[in-house]
Each structure stands twice: as C-alpha cells, then as structure tokens.
Amino acid sequence: MNDAQDVQVQYRDDQNLNARIALHARFSTNPYGWQRWVFDILERAGLPDHAQVLELGCGPGDLWESNRARIPAGWSLTLTDASDGMIEAAQQKLRELPMAPTFRTVDAQSIPFADRAFDALIANHMLYHVPDRQQALGEVRRVLKPGGTLFATTVGEEHMKELWNLVEPFVPDIHDRTQGVSRAFMLQNGGEQLARVFSNVARYDYEDGLEVTEVQPVVAYLRSSTTLMHCTLEPSQWATIRRTVAAHIETKGTFHITKASGIFVAS
Ligand SMILES: C[S@@+](CC[C@H](N)C(=O)[O-])C[C@H]1O[C@@H](n2cnc3c(N)ncnc32)[C@H](O)[C@@H]1O
C-alpha cells in the first residue's frame with residue numbers, strides 16, 4: 001500500500017500534493033494556518049541564532065514559503081527530498097529566500113551528512129512513507145547534535161474520513177487503504193516509535209477541519225491520491241461522488257471533513 005514505487009510515482013513532481021494543499025488552503029476552519037503553527041513550535045523550541053537546520057521530505061518547500069519573513073537570518077537551511085521533482089519545485093519557490101538554502105535529493109534512510117551536524121531536523125508528513133523507519137530514525141539521531149531536536153508532523157486516524165466515505169461504496173476497503181499509507185507513523189503510534197530513539201517526546205495537536213463549499217476541489221483531492229490508494233474509479237462513480245458532495249452543499253451549506261494533524265517534538 002505504501003511501497004516505494006507508488007510513493008515515487010505520487011511525488012514525481014508537486015502536482016498531486018498541490019491539489020491536496022489547495023483544498024486545505026481554501027476551506028480549513030482554523031484561520032491561524034498550519035504552516036504558521038508548525039513554525040511557532042519551531043520558534044518555541046529555542047533553537048540557536050545560527051542553527052543548522054535539515055528538512056527531510058521537504059516537498060515543494062511550503063513551510064519556508066509560508067514563514068519566509070520569520071526565518072532567522074542566521075539559520076542555515078538544508079532542504080532535502082527523495083524526489084528530484086520536489087526539489088526542483090522547492091528551489092523554484094524559494095529562490096528569493098535571503099538565506100539561500102542548500103537543496104539536495106536525499107533518501108531519509110541514508111542521510112549523506114556528517115554525524116552531529118544539525119541542531120534541528122524537520123520531517124513533516126513524510127515518516128509514514130519511509131520503508132525502513134527505524135533505519136531513518138537512526139540516521140536522524142546520528143546527524144543531530146547532542147541536545148538537537150526532531151520535529152515530525154503527521155496525521156491521526158480520523159483524518160479526512162468523510163472524504164474517503166465518498167469512495168467506500170465503490171472500494172469497500174478504502175479506509176484500510178488510506179490508513180495503509182499513513183498507519184506506519186500516525187499521531188496514535190508515532191510517539192512510541194520516537195521514544196525508542198529519543199528521551200523526550202512531546203505531541204501537540206492542531207485543531208482544524210474543512211467546510212468545503214465547492215465540488216471540484218474535493219474531486220481534485222481524491223484524484224490526486226488514487227495512485228497511493230491503488231484504486232481507479234469509473235466515470236459514473238465519479239459522477240455519483242460529485243452528486244453526493246453537491247447534495248451536502250445544497251442541503252447543509254457545506255461538505256464537512258474531519259482533520260487530525262499534529263507534531264512530535266523529540267530531543
Ligand atoms: C506528504 S509529502 C510532504 C511534503 C512536505 N513535508 C509537507 O509537509 O508539505 C511527503 C514527501 O516526502 C517525500 N518522501 C517520501 N519518501 C521519502 C524518503 N524515503 N526520503 C525522503 N523523502 C521522502 C516525498 O517525495 C514527498 O515530497
């Protein structure tokens with residue numbers, strides 16, 4: 001369900017991820033903003049003024065784009081992802097960032113940097129994709145300085161459940177499939193995994209939901225995830241999904257989707 005080839009196809013470039021980010025950006029109920037909240041947590045950790053910061057699985061670099069005015073001038077950023085396409089997208093997006101990050105294609109299971117090189121390591125919504133997570137966490141520990149901090153965001157069991165309920169009539173095990181992608185490292189089980197490697201692990205949850213008032217962004221989100229879920233829907237099934245969402249919006253004013261996301265801070 002989460003094999004390396006599917007993950008590669010899914011993240012060949014930033015298109016699929018952008019369709020999902022667009023739904024969150026337009027219809028989230030918490031006006032504070034996810035990336036801003038994640039950056040608050042980084043700030044609260046009291047990193048040094050000249051922190052060496054490594055991000056694994058940076059995707060198109062939205063954490064830095066959303067917080068560009070807040071990044072301390074002395075930080076040195078190394079942004080990495082297993083996908084060349086993601087690195088190109090991040091480079092493009094962040095080319096005017098004053099501290100000129102270093103970009104590099106890196107698999108989290110084999111981090112090509114020296115021991116004790118970084119004060120902070122960020123792994124947002126990516127550890128569940130890594131086939132050998134114990135190996136990756138060992139690498140994380142190796143490249144962190146003593147007292148360094150790992151920040152790792154992920155989702156919880158209930159995340160986006162109403163969205164996948166739309167597909168369930170056609171793919172009865174869809175909830176197993178969606179959980180198959182993220183189950184390996186969720187809010188419910190990530191803490192235990194980190195506690196095997198770090199002595200202090202704290203979890204913080206972000207309160208949010210989606211109230212969607214248009215059909216198309218819901219369909220675009222679902223379409224963006226079909227390779228990872230191994231499912232192909234017929235045109236008539238897509239039409240049924242469209243009608244169901246439209247009927248919700250018509251009668252209730254919105255199509256509600258539960259969100260469950262949070263961050264682990266481990267040192
Ligand atoms: C859900 S996206 C998250 C992107 C970004 N961190 C964010 O929160 O918006 C997952 C990212 O992890 C990357 N990824 C998947 N497996 C990886 C691995 N083994 N090592 C490094 N990156 C990986 C993917 O290419 C993709 O860009």
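How many of the 6 residues of strand β2 are buried? In β2 (residues 76-81), 5 of the 6 are buried, and the strand is mostly covered. A residue is buried if 20 or more other C-beta atoms lie within 10 Å of its own, exposed if 12 or fewer, and partly exposed in between, with C-beta atoms placed from the backbone. This is a predicted model: local features need pLDDT of at least 70, side-chain atom pairs count only at pLDDT 80 or more, and totals for chains, interfaces and linings use all residues. Residues are numbered from 1 along each chain as its sequence is written.

**The sheet**

- An open sheet is formed by 7 strands, in the order β3-β2-β1-β4-β5-β9-β6, with mixed pairing. Strands (E, at least two residues) and helices (H or I, at least four) are DSSP runs, numbered from the N terminus. Two strands pair if DSSP finds at least two bridges between them.
- The edge strands are β3 (102-105) and β6 (201-206), and each pairs on one side only.
- From one strand to the next, the twist averages 15°. Axes are lines fitted to C-alpha atoms, for helices over the stretch in contact, and angles run from 0 to 180 degrees between N-to-C directions.

**Parallel pairs**

- Strand β1 (residues 52-56) pairs with β2 in the parallel sense over 4 bridges. Here E55 stands opposite L79 in β2.
- β2 and β3 also pair in the parallel sense, over 4 bridges. D81 has T105 in β3 as its bridge partner.
- Strand β4 (residues 118-123) and strand β5 (residues 144-155) are parallel partners over 4 bridges.

- 6 of the 6 residues of β9 are buried, so β9 is largely enclosed by the rest of the structure.
- Both faces of β9 are covered. S261, I263 and V265 are buried on one side, and G262, F264 and A266 are buried on the other.
- β5 pairs with β9 in the antiparallel sense over 6 bridges. T153 stands opposite I263 in β9.
- β6 and β9 run antiparallel and are joined by 6 bridges. Y204 stands opposite I263 in β9.

**Residue L121 in β4**

- L121 is found in strand β4. It counts as buried because it has 25 C-beta neighbours inside 10 Å.
- Leaving aside neighbours within four places in sequence, L121 is in contact with L54, L56, V140, V143, L144, G148 and L150. Two residues are in contact if their C-beta atoms, placed from the backbone, lie within 7 Å.
- R12 is 109 residues from L121 along the chain, and their C-alpha atoms are separated by 23 Å.

**Helix α3 and residue F39**

- Helix α3 (residues 34-44) lies across β5, β6 and β9 (261-266). It runs at about 15° to β9.
- F39 lies in α3. It is partly exposed, with 18 other C-beta atoms within 10 Å.
- Apart from neighbours within four places in sequence, F39 is in contact with L63, N67 and R70.
- The C-alpha atoms of F39 and S76 are separated by 16 Å, with the two residues 37 apart along the chain.

**Helices α2 and α10**

- The axes of helix α2 (residues 15-27) and helix α10 (residues 216-229) come within 8 Å and cross at roughly 145°.
- N16, A19, R20, A22, L23 and R26 in α2 meet P217, A220, Y221 and S224 in α10.
- The residues of this contact divide into 6 nonpolar, 2 polar and 2 charged. Ala, Val, Leu, Ile, Met, Phe, Trp, Tyr, Cys and Pro count as nonpolar, Asp, Glu, Lys and Arg as charged, and the others, Gly among them, as polar.

**Around the ligand**

- Of the 20 residues around the ligand, Y11, G57, G59, A82 and M126 come nearest. A residue is near a molecule or strand if its C-beta atom, placed from the backbone, lies within 6 Å of it.
- The shell around the ligand divides into 10 nonpolar, 7 polar and 3 charged residues.

**Positive phi in two loops**

- A100 lies in the loop between α5 (84-93) and β3. Its phi is near 40°, a positive value in a residue other than glycine. A100 is exposed, with 11 other C-beta atoms within 10 Å.
- M160 sits in the loop between β5 and α7 (161-165). Its phi is near 65°, a positive value in a residue other than glycine. M160 counts as buried, with 22 C-beta neighbours inside 10 Å.
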